[in-house]
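User: Could you walk me through how to read aromatic contacts and pockets in a model like this?

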Amino acid sequence: MRRLLLVLILALAPALVAGANASAYPWPIKPFHEQHPIRANFGDPRTRFWNTMLTDGLQGPGLFQFHNGIDIAADEGTPVYPILSGTVRLIDAAAVLVRSPGHKFQYFHIKPAVHNGEHVVAERTVLGRVIHAANHVHLTEIRGRRVWNPLARGGIAPYSDRTRPLVDAIFARPVNSLVPIQSTTLCGTLSLVAAAHDIPPLPVPGTFAGFPVSPALVTWSLTRLNGMLYVPTVPAADFRMTLPIGRNFWNIYARGTYQNAPRFSNQQFHIPGSFLYNLVQTFDTRSYPNGAYEVRVHVSDMRGNSSDGVQQFHVENRPGEECVRS
């Protein structure tokens, strides 16, 4: 009986594995079933400041968006293929959409080799080739009417990640200021901010080598050192499945954030990005008893690698005195 059961399990195993991976799809460049370097994550900040860095650049107007896909490193001329079969719609001179049952996929930074209405076959039809100076293909997945993280379970495969995102700093600063308060003794109405980043799971070649990507999840909590929990664990940023509404960009990211290789006015700076997250934009210390508190920030990626950062503050309210200082 046991032998018969073992034979049945072995016979069914391939079907079970196939079922578990049925919704997964390959990479859009060869080799299709090997992982490629990703130089930008879903949810990364996309910033385009209208003014110069030396004027009001970091606090001024611009175009601010959440990155709605992943950027897969690829040399100029690399052929790009559909990851699922479907029907083509040309978006513009450097972008193609392929509509498949239940999905739509957008491929950016390629010179199209297909035409509107053409039926294309996964891993066989060349959609186009990576254009000059792009050095990547941007992949967006759309499920229904929402963009979806291609790195989520059931998405692009194979995909593994053994790097850990890190919390770089936790600090307070005056509301509408970019300058952290140097003291850990707090009084008045402040903002609490965390700086964090992740490391791509595979080294990225070229000019983006060593640049950070955003964690998939950032949460925080506030506890008084006597053990009383004042703020339970709540998300500051969550890009694990879909994206926040675009107008919430500066509610999720904190001012001082800029993308990798940011643009200020007509000048581009080839420097790593700075990813700052709003924990709370208006933290009024008068809502809390005087004493010592601990802010804990937890960051994780799409495969559960995680780390924590902890910062202690001392609330020292002074009745009748506005005491925010830098």
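This is a predicted model: local features need pLDDT of at least 70, side-chain atom pairs count only at pLDDT 80 or more; totals for chains, interfaces and linings use all residues.

User: How many aromatic pairs does the structure hold?

Analyst: A pair of aromatic rings is described by the distance of the centres and the angle of the planes. Rings of Phe, Tyr and Trp (its six-membered ring) pair if their centres lie within 6.5 Å; planes under 30 degrees apart are stacked, over 60 edge-to-face, and the rest tilted. Here you get 20 aromatic pairs. One of them is Phe 66 with Tyr 253, a tilted pair at 6.0 Å centre to centre and 35° between the planes.

User: Which parts does the pair of Phe 66 and Tyr 253 tie together?

Analyst: Strands (E, at least two residues) and helices (H or I, at least four) are DSSP runs numbered from the N terminus. Phe 66 is in strand β3 (62-66) and Tyr 253 in the loop between α2 (249-252) and β19 (263-264), so the pair links parts 187 residues apart in sequence.

User: Are Phe 66 and Tyr 253 buried or exposed?

Analyst: Buried means under 20% relative accessible area, exposed over 50%, and partly exposed in between (1.4 Å probe, protein chains only). Phe 66 is buried at 8%, and Tyr 253 is buried at 0%. Tyr 258 and Phe 264 make an edge-to-face pair, 6.4 Å centre to centre with 70° between the planes, and both are buried.

User: Now the pockets: which residues are closest to the centre of the largest pocket?

Analyst: On a 1 Å grid over the protein atoms alone, a pocket is an open set of points where a 1.4 Å probe fits, with protein on both sides within 12 Å along at least five of seven lines; lining residues have an atom within 4 Å of a point. A volume is the space filled by probe spheres set on the points, which are joined across faces, edges and corners. The largest pocket has about 700 Å³ of space. Of its 24 lining residues, Arg 46, His 67, Asp 71, His 109 and Gln 259 are closest to the centre.

User: And what is the volume of the second largest pocket?

Analyst: That one comes to about 200 Å³.

Conventions: Residues are numbered from 1 along each chain as its sequence is written. Side-chain values use heavy atoms; hydrogens and water are left out.
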